[in-house]
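Please look over the sequence and the model below before reading on. The paragraphs that follow take up helix packing and then the ligand site.

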Amino acid sequence: MPLVNPANKRSIEIVVVGSGLAGASAAATLAEMGYKVKCFCFQDSPRRAHSIAAQGGINAAKNYQNDGDSVYRLFYDTIKGGDYRAREANVHRLAEVSANIIDQCVAQGVPLAREYGGLLDNRSFGGTQVQRTFYAAGQTGQQLLLGAYSALERQIGMGKVEMFTRHEMLEVVVIEGKARGIIARNLITGELERHFGHAVLLGTGGYGNVFYLSTNAMGSNVTAAWKAHKKGAFFGNPCFTQIHPTCIPVSGDHQSKLTLMSESLRNDGRIWVPKKKDDPRKATDIPEDERDYYLERRYPAFGNLVPRDVASRAAKERCDAGYGVGVSKLAVYLDFAANTERYGRIEATKHNIHNPDKETCMRLGREVVKEKYGNLFDMYKQITGEDPYELPMRIYPAVHYTMGGLWVDYNLMTTVPGLYALGEANFSDHGANRLGASALMQGLADGYFVIPYTIGSYLSKELATKPIPLDHPAFVEAEASVKSILDKFIAIKGTKSVDHFHKKLGKIMWEKCGMARNAKGLTEAISEIQQLRKDFWSDVRVPGSTDEFNPELEKAGRVADFIELGELMCMDALNRNESCGGHFREEYQTEEGEALRDDENYAYVSAWEYKEGMSFELHKEELKFENIKIAQRSYK
Ligand SMILES: Cc1cc2nc3c(=O)[nH]c(=O)nc-3n(C[C@H](O)[C@H](O)[C@H](O)COP(=O)(O)OP(=O)(O)OC[C@H]3O[C@@H](n4cnc5c(N)ncnc54)[C@H](O)[C@@H]3O)c2cc1C
């Protein structure tokens, strides 16, 4: 990779949109290296980025457990977990730098969990047979973000990063084919601002909220990525969505948010449903031999730790077959009794209590469980009113993460020169299904270790470029186009709220482009979304004005973009006549109901190009597997 010398770095300006793990780590590192950085987020503080919600952990191939882990195994697990739809080179690099991330975060003071002897602790996550997940109780994202945020604040304090909170990027400015800045709206005053950068980095997160209900933060949205897409950045694998198996089930029509119960719980819990349909008994009254531990039955090698797509589909299959539990019958049990007892027995032995009775084991075991997962158990109790220490949790799959995103090359550059995408905003490393604890790893790899090196490749050729004045016609034009869209929202003065349209979109997406998809449903979804788009633009009601704090206006812009994205997601899902990872086309499955890939025709990344007037052209990046033998995934 070509380098930029320290003196030249000082005259190069970089715009970083996003202050989550990807954006904050990139902004801090680039500033540390000497570049002049401007960082933007729509929250009131960088530390409120959605990354703060991450619970379970972050993977790294440290092999601290001496259980056979290695860079190659992490690489292999990730490619296999993604159902052979990720690019080998990027994933291998991710596995290589994973260990550095842990060192970096520990050096920053991130309080990752430790064993009694002081060594960093690990736990298991899905899709692997080793324990490589580092964690900080059930708040790993928060602690990692505090690390990245502290590094960022340090640079802000030194004047090397200029931070713009409560600013929303609404357009990329492209001059002579290169990204040269952004238009951002000050969300407090409504003022539109122009910002120049020799390069623009988007670490703007995922788009799971296209489904309306998801585990994502309410503010997570696709607008930055979508605007970039409409300015020439290809969108990679838009239909690849992750449905997480362990979420608190939907409880009614008025809900606006779903809650994740971390995958780390699957490590210690056992998932089951009653063997009898519509069993009216309380979970604790159902004897052991009348329970179906269906994941352990179907996948003896991985059991409860199969990847998320597999676990989600298996839960849906049981519920569709009539074995679901709870009032809605759209739930399965996640039970901690066996492990609580096991932990308690160990504790009893430690306390010299020999032959302890079950009650003693449960009492002592509960303390261990509390220490590991206390905040998650409390959250479950607050939301459902049931005590998970006494009764098994009820869980059901929910939208959680988007593997799709802006297409990027090995250097994380989109198809617009000078425009980069990092973290969940890009499509890069997870193929058709992301393994648990790998998003934090990717976001931080991109920000701390990848972009600081790869960006030099582009910037070393930009040394002669002087800052472009903000009255350049491209800035004027970009700002005018943003203004006209905002004015249009206010002018419609329709009868329906923004949420009305968002909910409708979410319902179409969940039913026809969700956990299971088929050609008929996707074709219907495309025309329903097109109609929804027309209705939105003629009947949405956005109160207030553009030159003030106006959250409804913000939402309108985001939902308008979600509607357009939804259509592309359905087109992508319809184009991909195979099942792989989270993309399950009902027409393509094995006799046992597993995803059936078509490697001959679909071993490619779909990279969609936007064309004027809402049409899209498909480009294909062929996937070559030179270090892994491509095979039918098996977790049996
Ligand atoms: C409940 C939950 C738990 C999770 N737990 C784990 C876990 O244990 N392990 C794991 O590996 N992964 C986990 N994930 C996934 C992981 O948290 C995310 O993939 C990751 O944090 C995304 O980081 P990011 O930096 O790419 O984006 P984000 O953290 O979403 O940050 C996006 C940033 O972009 C800014 N932004 C967005 N659009 C604009 C705009 N238009 N203008 C200005 N700023 C903008 C936002 O303000 C924000 O600062 C979890 C996800 C959820 C939902």
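Is the crossing in which α15 passes α16 left-handed or right-handed? α15 passes α16 in a left-handed crossing, a term used when the near helix is turned anticlockwise from the far one by less than a right angle, with right-handed used for clockwise. The model is a predicted one, in which local features need pLDDT of at least 70 and side-chain atom pairs count only at pLDDT 80 or more, while totals for chains, interfaces and linings use all residues. Residues are numbered from 1 along each chain as its sequence is written, and side-chain values use heavy atoms, with hydrogens and water left out.

Helices (H or I, at least four residues) are DSSP runs numbered from the N terminus, as are strands (E, at least two). Two packed helices are described by the angle between their axes and the distance between the axes. Axes are lines fitted to C-alpha atoms, for helices over the stretch in contact, and angles run from 0 to 180 degrees between N-to-C directions.

Helix α15 spans residues 519-539 and helix α16 residues 551-575; their axes come within 9 Å and cross at roughly 160°. That angle makes α15 roughly antiparallel to α16 (under 35 degrees counts as roughly parallel, over 145 as roughly antiparallel, 65 to 115 as roughly perpendicular and the rest as oblique). In the contact (heavy atoms within 4.5 Å), α15 contributes residues including L522, I526, I529, R533 and W537, and α16 residues including V559, I563, E567 and L574. The contact residues of this pair divide into 16 nonpolar, three polar and three charged; Ala, Val, Leu, Ile, Met, Phe, Trp, Tyr, Cys and Pro count as nonpolar, Asp, Glu, Lys and Arg as charged, and the others, Gly among them, as polar.

α16 also packs with helix α6 (residues 223-230), the axes coming within 9 Å and crossing at roughly 60°. α6 and α16 are therefore oblique to each other, and α6 passes α16 in a left-handed crossing. T223, W226, K227, H229 and K230 of α6 meet G557, R558, D561, E564, L565 and L568 of α16. These residues divide into three nonpolar, three polar and five charged.

Helix α3 (residues 71-81) and helix α4 (residues 88-108) have axes that come within 8 Å and cross at roughly 135°. That makes α3 oblique to α4. The crossing of α3 and α4 is right-handed.

What surrounds the ligand? There are 37 residues around the ligand (a heavy atom within 4 Å), and the closest are Q43, S51, G56, M169 and E424. Polar contacts are pairs of N or O atoms within 3.5 Å; within protein, one must be able to donate a hydrogen and the other to accept it, and residues adjacent in sequence count only if both atoms are side-chain atoms. A backbone N or O atom of Q55 lies 3.2 Å from a ligand nitrogen atom. A polar backbone atom of L440 is 2.8 Å from an oxygen atom of the ligand.
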